[in-house]
Amino acid sequence: MTDSTTFNLYTLIASGAEGVAFSSDQSLIYAAKGGDIQVFDVATHALVETWHVGKDLGSVSVAPDGSFLLVTEQQSNGTSKVYRVDTATGAAVSAGDDGSPFLDAQIVDAHTAILTGGGHGTHQVYIAGVP
C-alpha cells in the first residue's frame, strides 16, 4: 500500500535557524537565527517582524498564554544566557545566567521552566523560576 499524501513545503528561512516554536494560537512561528528572533505569519508565510535579542540564539519556547518567549543563547566561554522576550513588543531581558551551558528551555507555566544542559560530559535538568 502506498500513501499518496502530499505535503506543501514552504521555506521560511533558507539556512541558519536554530530553534523554532509556534505561537500559542498557532498563527505565528518564532525562529531563532543568529542573534535575532524572526516572526513569520503562518497563513501568508511572510516575515512580519525581526527582534534583535543577542548573538548566538538557540532554543525557543512560548509561554502557554503566548505573552513571552524564553530563548537560550550560547556564550563564547561555554556558558549560556536565557532571555525572556515579550511577544507584544520584542523587548528582551536577561532571565538568567548562572554559568551553566543551557541547551534547551521549555516553559511549563507562567512561573516555571525546565532547562536542560550541563558540561564536562554530563547533562542535567533544571527547574527554574521564570521572572
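1. Two strands count as paired if DSSP finds at least two bridges between them. That criterion applies to the present structure, which is a predicted model. In this model, strand β3 (residues 36-41) and β4 are joined by five bridges in the antiparallel sense. Within this pairing, Asp36 stands opposite His52 in β4.

2. Four strands, in the order β1-β2-β3-β4, make up an open sheet with antiparallel pairing. At its edges lie β1 (17-22) and β4 (47-52), each of which pairs on one side only. From one strand to the next, the twist averages 20°. As background, the strands of a sheet pair through backbone hydrogen bonds, either parallel or antiparallel.

3. Strand β5 (residues 57-62) pairs with β6 in the antiparallel sense, over four bridges. The bridge partner of Val62 is Leu69 in β6. The hairpin of β5 and β6 has five residues between the strands, and Gly66 in this hairpin takes a positive phi near 80°.

4. Strand β6 is also joined to strand β7 (residues 80-86), by seven bridges, and the two run antiparallel. Here Leu70 stands opposite Arg84 in β7. The hairpin of β6 and β7 has five residues between the strands, and its Gly78 adopts a positive phi near 90°.

5. Is strand β6 mostly covered or mostly uncovered? Strand β6 (residues 68-74) is mostly covered, with six of its seven residues buried. The reader may set this beside the pairing of β6 with β5 and with β7.

Terms used: Residues numbered from 1 in each chain as written. Predicted model: local features only at pLDDT ≥ 70, side-chain atom pairs only at ≥ 80, totals over all residues. Heavy atoms only, no water. Buried < 20%, exposed > 50% of the residue type's maximum accessible area, 1.4 Å probe, protein only. Axes fitted to C-alpha atoms, helices over the stretch in contact; angles between N-to-C directions.
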